[in-house]
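Work through the exercises below with the sequence and the model open. Each task is followed by a stepwise solution.

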Amino acid sequence: MTERRGLAASAPSAASSSSSSSSSDAPSGRPAPGRPRVHYAWVVAAVALVVLLGSAGFRSTPSLMMDALHNEFGWSLATISAATSVNLTLYGLTAPFAAALMDRFGVRLVVVCALLTISVGAGLTMLMRQPWQLILCWGVLVGLGSGSMAGAFATTITGRWFQARQGLVTGVLTAAGAAGNLVFLPVGAWLVEQHGWRSAVVVVSLAASAVAVPVLLLMRERPADLGLLPYGATEPPPAPVRDARALARTLRVLRDAARTRPFWLLASSFAICGATTAGLVGTHFIPAAHDHGMPVTTAASLLALIGLFDVLGTVFSGWLTDRVDSRLLLTVYYGLRGLSLFLLPQLLAGSLQPPILAFVVFYGLDWVATVPPTVALCRRHFGDDAPIVFGWVLAAHQIGAAVVAGLAGLARDALGNYDLTWYGAGVLCVIAVGLCLALRGGRPAGRVVPALS
């Protein structure tokens, strides 16, 4: 297929090639003499990968500090989880507005500001003495910063720079979140255990500032800025429509999408995705394993190992999304996730055992494999507004995560264990299967989705 030829897929005709000028090479996307043969889309994707690696690592740090903060300040797990809930909520609610702001002010400016916000928020955490300060620093500032680099960022990059391989690139960028955990979780756990939790937040603050450097140096807004077509495109895309009212556009897209059935099915199922991953396992797996006698560093390493298999599962899911019905993929993913959560209470132990390792592999492959098919369904149903719509769907994801992160902390304080939360999460996955099965149809970009009756 022409859409999968790599660099510009439309070759000049024999007649035009004999009289072509250097300006004709740029629109075709074919490298001119002396121009690097690697399409710049891959450079932009690499920078986005670094940003998302860092963003995921920054968000994973609070789960490492829960026991340390409890021991130093005497705060309950529910209180500490409240900061995580605020972080997850703002992470989700910021995403759709960030997508519109990227259209209005540019990706580079928005991402650099977000990284500096994370750096300040993490740094100020070292000075806190009260729970509200944890909520302000890690909940509000880090939540706003990381939300500006959420899934809407990856969707914007793939939508602007790629026509071919969109599913695969979306899968790779999504997997960056898991890969970030591979780096930050073991290192962060070691820092917390050996040097205290403040050393971990110093590393986060410095790393956020460092990640801003490649964004400033290498990030570009659109292929047209370099005289290129998107990767795999055969003709120039429509000129972008710049809306000076980013807030108004974001709310308008939400209003229009909220009148459709597919939006609510996608948002509800993705809320369950967030509840069962970032909200429950991402926040509470380490303290839950510690309740069974497992050392924090071992539990953190297992969570990082989930991230390793998450990379493999998400990239493979992106590849599948280019070939298999996304609705079918989501149905299988949520079904398998629910099964694993039903079994988890019987698998946790004080040491590494084959059953818990099997859970780590199985759950890791499924962790955020849901993202590429969800993004593809947003594109199918909402066309050019897909990045902003996915931002709102991601907001539902994070609200689900925030609610369950808080409820799981309350359940642990009240019951003394997490068993009820694991079973409840399994039931939610069964509901998500039904939501995905109810999703029907699609449309070419530009047509109107029928409103809900």
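**Exercise 1. Explain why helix 11 counts as largely enclosed by the rest of the structure.**

Step 1. Buried means under 20% relative accessible area, exposed over 50%, partly exposed in between (1.4 Å probe, protein chains only). Helices here are DSSP runs of H or I, at least four residues, numbered from the N terminus.

Step 2. Note the source. This is a predicted model: local features need pLDDT of at least 70, side-chain atom pairs count only at pLDDT 80 or more, and totals for chains, interfaces and linings use all residues. Residues are numbered from 1 along each chain as its sequence is written, and side-chain values use heavy atoms, with hydrogens and water left out.

**Exercise 2. Find which residue caps the N-terminal end of helix 11.**

Step 1. Locate the helix at residues 261-279.

Step 2. Thr260 is the cap: a side-chain oxygen lies 3.5 Å from the backbone nitrogen of Phe263.

**Exercise 3. Describe how helix 14 and helix 16 pack.**

Step 1. Helix 14 (residues 326-343) and helix 16 (residues 371-382) pack at about 145°, with axes 9 Å apart. Axes are lines fitted to C-alpha atoms over the stretch in contact, and angles run from 0 to 180 degrees between N-to-C directions.

Step 2. List the contact (heavy atoms within 4.5 Å). Residues of helix 14 including Arg327, Leu330 and Tyr333 meet residues of helix 16, among them Pro373, Leu377 and Arg380.

Definitions and conventions: Helix = DSSP H or I, 4+ residues; strand = E, 2+ residues; numbered from the N terminus. Expected span 1.5 Å × (residues − 1). Polar contact = N/O pair within 3.5 Å; in protein donor to acceptor, adjacent residues only side chain to side chain.
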